[in-house]
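User: Hi! I have a model open on my screen and would like to understand the terms used to describe it. Could you take me through them?

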Amino acid sequence: MIERYNFIERIVHWAAGVTYLYLLLTGLAFFTPTMWWIATLLGGGPVIRYWHPIAGLVFAATVIWMFFSWRRDMRITADDKRWAAGIEDYIAHREHKLPPAGKYNAGQKQFFWIMFYGGLALLLSGFALWFTEWIPWSLRWLRYAAILLHVAAFLATVAGFIVHVYMGVFVVKGGLSAMTTGKVTRTWAEHHHALWLPRE
């Protein structure tokens, strides 16, 4: 077995996932009356109105931590571009035809940057929506811009989140256990991330 993620990385990853899921559900409740039943399940409107921005701060903190911890590993390289060119083989489960990937493949790196920039956009627009009364009426366009930015960032990140969970749980066998135990087999590493594989 080879260590892929240490204990702190796993804790931060799961904190990001849990807080984002809470934000997703409560955000849907705020977004449309047809989803208000979610608010009822999560304690009611006043409760989620209180906890939604606080969960947003926690999520933003995890995103920032991951940025400073993983940004070097997330740089797009020539190997990533070659890997991305064969994305159809990846989707069709013909990974043996793909060029080898580093610790993270091009798709994982793309998800990382979507969540990083999307998280920052959610944070900034979220502050404007949280403290709307601080925005002078003469600058009311900022309120409308914050709503549009918040919704756009939500749509981008939720799409990435769904794909990430689907790939990690249902498609890439061993992906979920890597983030729970922190370890993978050498065979798994050779198959999915050969360029990262520690040499014997």
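Analyst: Happy to. Read along the sequence, this protein runs β-α-α-α-α-α-α-α-α-β-α, which comes to nine helices and two strands. Helices (H or I, at least four residues) and strands (E, at least two) are DSSP runs, numbered from the N terminus. The model is predicted, so local features need pLDDT of at least 70 and side-chain atom pairs count only at pLDDT 80 or more, while totals for chains, interfaces and linings use all residues. Residues are numbered from 1 along each chain as its sequence is written, and side-chain values use heavy atoms, with hydrogens and water left out.

User: What makes Thr26 count as buried?

Analyst: Buried means under 20% relative accessible area, exposed means over 50%, and partly exposed lies in between (1.4 Å probe, protein chains only). Thr26 has 0% relative accessibility, so Thr26 counts as buried. Thr26 lies in helix 1 (residues 7-31) and touches Leu42, Ile48 and His52, not counting residues up to four places away in sequence. Contact here means heavy atoms within 4.5 Å.

User: And why is Gly17 called partly exposed?

Analyst: Gly17 has 24% relative accessibility, so Gly17 falls in the partly exposed class. Gly17 also belongs to helix 1.

User: Which class does Ser125 fall in, buried or exposed?

Analyst: At 3% relative accessibility, Ser125 counts as buried. Ser125 sits in helix 6 and, neighbours within four places in sequence aside, is in contact with Ala146, Leu149 and His150.

User: Why are helix 4 and helix 6 called roughly perpendicular?

Analyst: Two packed helices are described by the angle between their axes and the distance between the axes. Axes are lines fitted to C-alpha atoms, for helices over the stretch in contact, with angles from 0 to 180 degrees between N-to-C directions. Under 35 degrees counts as roughly parallel, over 145 as roughly antiparallel, 65 to 115 as roughly perpendicular, and the rest as oblique. Helix 4 (residues 78-85) and helix 6 (residues 106-130) pack at about 105°, their axes 9 Å apart, so the pair is roughly perpendicular. Asp80, Trp83 and Ala84 of helix 4 meet Ala106, Gly107 and Lys109 of helix 6.

User: What is the make-up of the second largest pocket's lining by class?

Analyst: That lining has 17 nonpolar, six polar and one charged residues. Ala, Val, Leu, Ile, Met, Phe, Trp, Tyr, Cys and Pro count as nonpolar, Asp, Glu, Lys and Arg as charged, and the others, Gly among them, as polar. Of the 24 lining residues, Phe30, His52, Gly126, Leu129 and His150 lie nearest the pocket's centre. A pocket is an open set of points on a 1 Å grid over the protein atoms alone where a 1.4 Å probe fits, with protein on both sides within 12 Å along at least five of seven lines; lining residues have an atom within 4 Å of a point.
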